[in-house]
Each structure stands twice: as structure tokens, then as C-alpha cells.
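Please read this briefing on charged side chains beside the sequence and the structure shown here.

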Amino acid sequence: MKIHDLQPPAGSKKPARRVGRGIGGKGGKTAGRGHKGQRARNTVKPGFEGGQTPLVRQTPKLKGFNNPFRVEYAVVNLDTLGSFGDGSEVSPQTLRERGLVAKRGLVKVLGRGDVSVSLTVKAHACSAAARKAIEAAGGSVEILPAPWGDRRPPARGNALTNR
């Protein structure tokens, strides 16, 4: 069998219905459009909603949009990490024990301030400036995986919490 021998199964390909050819039969005269009116005359603009303000024109007036997949981080700056001793490990658990971040959520290290001690920092995210400063002080940064894996985060929001 060759590509030019292939054919669709019998009955699967129907010819297009030719409407508006005379007055007889099902698709003749008004051709399934009814009598008169806007839709019979084929003048309905796309997006027309019967005189109601179309959604395209309502959108600027509507309230904002909240992304249900937004990822929020508990932020820790470098000047906060200065309270840890030389050679210590900084993880979300140790930060929670000291009360520096909330008891749940992801942790991100930002680069405000400076760090003078060698630290092993484990966090879910880290800015480039913070990574550079920690490594310059002789420390290291390890990025922890997100709890939901490599996919997008689970959806949150009012529409989902009221169920």
C-alpha cells in the first residue's frame, strides 16, 4: 500500500450542504435562516451581544484579575542571615525556628545588606545578587524543589476556597 492508495472509510466524508438553491426542499429559499431579521441577513458582527455592552468593552470597567497560580515567597534578606554563626546551615526549618519566616510557604533569599560569614543556604529561590554575595563570603546556595514538583503550582483563590 502506498500513500496515494489511502482513502477515508466509506460514509465518513460527506459533501458540504448546498443551501439557497431555489424554493424546494429543506435548504432552499430561506436556507435554514428563518424569515427576515438580523441573522437572516448575515449582518451580525462578531462579538455582538444583542445591544448589551459587549464583553470587550466591559473589560476595562471590570475589577482586576488575580492569578490563581501565583507563587508567593516568604522573603529573607542577607542582613537577616548575618545573625547565623560562621559555617552554619540556613534552611526554611531553621528560619522558622527563629521566627524569621511564616510557618508555611516557600522561602526566597534577596540581596539587601551583606553577609560576612560562610553559610550553607538552602531555599526555594534566591536572587542573583544574594547568591553572588553568599558565594563571595565563602558560602554555598542550594535551591530546594517546589513541593508541587516541576509542574505549575496548585490553583488558589476565592473561587476555589469557597467550595
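What follows describes the salt bridges and the exposure of their residues.

This is a predicted model, in which local features need pLDDT of at least 70, side-chain atom pairs count only at pLDDT 80 or more, and totals for chains, interfaces and linings use all residues. Residues are numbered from 1 along each chain as its sequence is written, and side-chain values use heavy atoms, with hydrogens and water left out. Side chains of opposite charge can pair when their charged atoms come close. A search of the whole structure finds five salt bridges, a salt bridge being a side-chain nitrogen of Lys or Arg within 4 Å of a carboxyl oxygen of Asp or Glu.

**A link between strands**
- Lys122 and Glu142 form a salt bridge through their side chains, at 4.0 Å from N to O.
- This pair links distant parts of the chain, since Lys122 lies in strand E4 (residues 120-123) and Glu142 in strand E6 (residues 140-143), 20 residues apart; strands are DSSP runs of at least two residues and helices (H or I) of at least four, numbered from the N terminus.
- Glu89 joins Lys122 and Glu142 in a network of salt bridges.

**A pair within a helix**
- Arg131 and Glu135 meet in a salt bridge at 3.8 Å, N to O.
- Because they are four residues apart in helix H4 (residues 128-136), Arg131 and Glu135 are separated by about one helical turn.

**Exposure**
- Arg70, whose side chain forms a salt bridge with Glu72 at 3.4 Å, N to O, counts as exposed at 52% relative accessibility.
- Lys122 counts as partly exposed at 22%, where buried means under 20% relative accessible area, exposed over 50% and partly exposed in between (1.4 Å probe, protein chains only).
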